[in-house]
Every structure is written in C-alpha cells, then in structure tokens.
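Morning, everyone. Let me put the structure up, and then we'll go through the pocket and the ligand.

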Amino acid sequence: MNHKIEKLQPGLYFVATPIGTARDITLRALDLLASADVLAAEDTRSMKRLLEIHGVPLGDRPLISYHDHSGAGARAKLLAHLEAGRSVAYASEAGTPLIADPGYHLSKDAAEAGYLVTSAPGPSAIVTALTLAGLPTDAFFFAGFLPNAHKARLSALQALAEVPGTLVFYESPRRIADMLEDAATALGGTRQAAVARELTKKFEEVLRGSLSELHTVAQDRTFKGECVVLVDRARGEAAGEDDLQAALSQALESMSVRDAAETVAKAYGVNKRKIYGMALKLQDK
Ligand code: SAM
C-alpha cells in the first residue's frame, strides 16, 4: 500500500507505535512516517526496523535521534526544521510518545513557538492494561514508574492511598514482588489488583487478585518482559483482624511503631489509636 501523502502540512506529528505486535500500527501512523520531511525517534534503530517491517522507505530523509535528555541543542535542530516549513514525525521506542517516554519538552516548545503540533494516536500500555485488568476504568491515575528504593517507593505509594480511581504503574519485572509487598503495606493487602505482562505479545498474561495474593504468587515465580501493575481504589471494606496484624508485622519490619500504625490505619481506613495499640503489642512479642 502506498502511504505517501502528497502535501503534508508543515508541523510536528507525534506518532504512536506498537507496544509489541508490529501490526498494531495505524494506517495514519504509516502515512505520516512515509510522508514527513524529517523523521525523529527516541531510538533510531527501532524506527528503522518499524519502517522496514511495514515497507516504508526512509529514502534520503533525515532520521534524527531525540529524547528529552538530548537537551536544548537537539530540540533546536528539530525546531529549525519546523521553522523552515518542514513536517517532522516523532516516535518514541514503543507506544505513545510522552507517556513515560520522551517528547514533553519538544511538544511544549513547538506549541509555544506557534507551530502545528498534532498526534496520530495509537497503542499505549496504560489503556491496554486497563482494558484487561478487571478493575474500574471510570477514573484512573497513572503514576508512571515508582522509585526503586524501598523507602522512597513506600512513601510514593502512601501518597496515593486516597486517590479515588484505579492506580496504574509501570514496573520493572525484577521489582514486581517488592513493589506488591510495599503496595500491600501502603494501600492495604485486601485491595484488588492486577499485573499485566507482555501485552499484545506472544506471552501476554494478566494476573488478578488482592495485593496480598499477588504478592504471595510473585514471591514464588519470576516475571519476564514488560509489566504494568494496577491497583483498585480504597473500598472502605472492614478489614479482618488477621489482615491488620499481617500488615502491621510487615510495616514494622522497616518502620517505627508510630509510622507503621499511621500507614496501616490509612491503608485500611481504620482508627489510628486502635492500630497503635496493636502495633505496640506486636512489637513487644
Ligand atoms: N510510551 C509507552 C506507552 O505508551 O505505554 C511506555 C514506555 S515506558 C518507557 C515502558 C514501560 O511501559 C514498560 O517498562 C512497561 O511498564 C510498560 N509497557 C510497555 N509495553 C508493554 C507491554 N507490551 N506489556 C506490558 N507493559 C508494557
């Protein structure tokens, strides 16, 4: 199929690319990649592979490497192409640019300079995971990647305890078990959750269960590939004594009695004084 558009309007085109299966690319994305005067990519090798798979010739068009850390110099180069009245198509390595991927500064600067900035939407792991997780999608909060260090991750999770929507995280497969453990501590082990792995790829898998259940599963297996973790909002369900004791024991491993009581009380929406008393007793044991 010929994807070449005769007269593509000058401007910056953010093009979404597949998150796994190569055929998950839109016809418009291919039109833009075939027609833009200049191509720019987070990873030029992935871009070349994508063009090759879909039979889109690069020809003698420039293919420029760009990510937000490339700095003002690389951005200025792309803005200069826009200034010269050219069309620039930008794609990140996979999925939608700007979503846990580069493009934000480029988008902002180009819009502020008055150039056309538009997008060819397509796959993103957030939406794909939400579609499969079995959790409510009426409201969701994308929290991106959590910090790697245990304490910082726990604080980041605690700050999300009261968000009234499904929480969506991108996570490294190596850290799934630790992340689920911290999420159970900060948000309460009874919350429903899901781990969505290798979406749109051969080994696509979705695990569903409570945070505690998923943590137990994650301790006994490894995860490979790319993962999204989703967690339901707080439901204010009455937590059992066992849940509270388990959460407190876990929290006391890395926190003071006061912090553990506060965290668990918030995670389960229960009285802080009662939990503090339980924590003191547990510590005495
Ligand atoms: N821009 C991309 C998007 O729109 O989803 C995300 C890029 S971010 C650098 C990469 C992370 O997205 C991975 O570490 C993983 O958490 C998630 N991800 C990307 N592709 C995925 C897939 N096929 N299955 C599950 N998670 C995926």
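Start with helix α2. Among the elements, α2 gives the most to the lining of the largest pocket, with 5 residues. Keep in mind that this is a predicted model.

Which other elements join in? α2 (44-53), β7 (166-171) and β10 (227-231) each supply at least two residues of that lining.

Now the space itself. The largest pocket holds about 820 Å³. Its lining counts 34 residues, and I19, E93, A94, G95 and E226 are the closest to its centre. What is the make-up of the lining? Sorted by type, there are 18 nonpolar residues, 7 polar and 9 charged.

Next, location. Why does the largest pocket lie between domain 1 and domain 2? Because domain 1 (11-123) and domain 2 (126-234) both give residues to its lining.

On to the ligand. How many residues surround the ligand? The number is 19, and the closest are D101, S124, A125, Y170 and C227.

Let's take some atom pairs. S124 is one of those closest residues. An N or O atom in the S124 side chain sits 2.8 Å from an oxygen atom of the ligand. T96 works through its backbone: an N or O atom there is 2.9 Å from a ligand oxygen.

How much of the ligand does the protein bury? Taken alone, the ligand exposes 570 Å², and the protein buries 89% of that.

To recap: the largest pocket lies between domain 1 and domain 2, with α2 as the top contributor to its lining.

Terms used:
Residues are numbered from 1 along each chain as its sequence is written. This is a predicted model: local features need pLDDT of at least 70, side-chain atom pairs count only at pLDDT 80 or more; totals for chains, interfaces and linings use all residues. Side-chain values use heavy atoms; hydrogens and water are left out. On a 1 Å grid over the protein atoms alone, a cavity is a set of points where a 1.4 Å probe fits but cannot get out, and a pocket is an open set with protein on both sides within 12 Å along at least five of seven lines; lining residues have an atom within 4 Å of a point. Grid points are joined across faces, edges and corners, and a volume is the space filled by probe spheres set on the points. Helices (H or I, at least four residues) and strands (E, at least two) are DSSP runs, numbered from the N terminus. Ala, Val, Leu, Ile, Met, Phe, Trp, Tyr, Cys and Pro count as nonpolar, Asp, Glu, Lys and Arg as charged, and the others, Gly among them, as polar. Domain bounds come from an automatic or database domain assignment. A residue is near a molecule or strand if one of its heavy atoms lies within 4 Å of it. A polar contact is a pair of N or O atoms within 3.5 Å; within protein, one must be able to donate a hydrogen and the other to accept it, and residues adjacent in sequence count only if both atoms are side-chain atoms. Accessible areas come from the Shrake-Rupley method with a 1.4 Å probe; for residues, only the protein chains shown count as cover.
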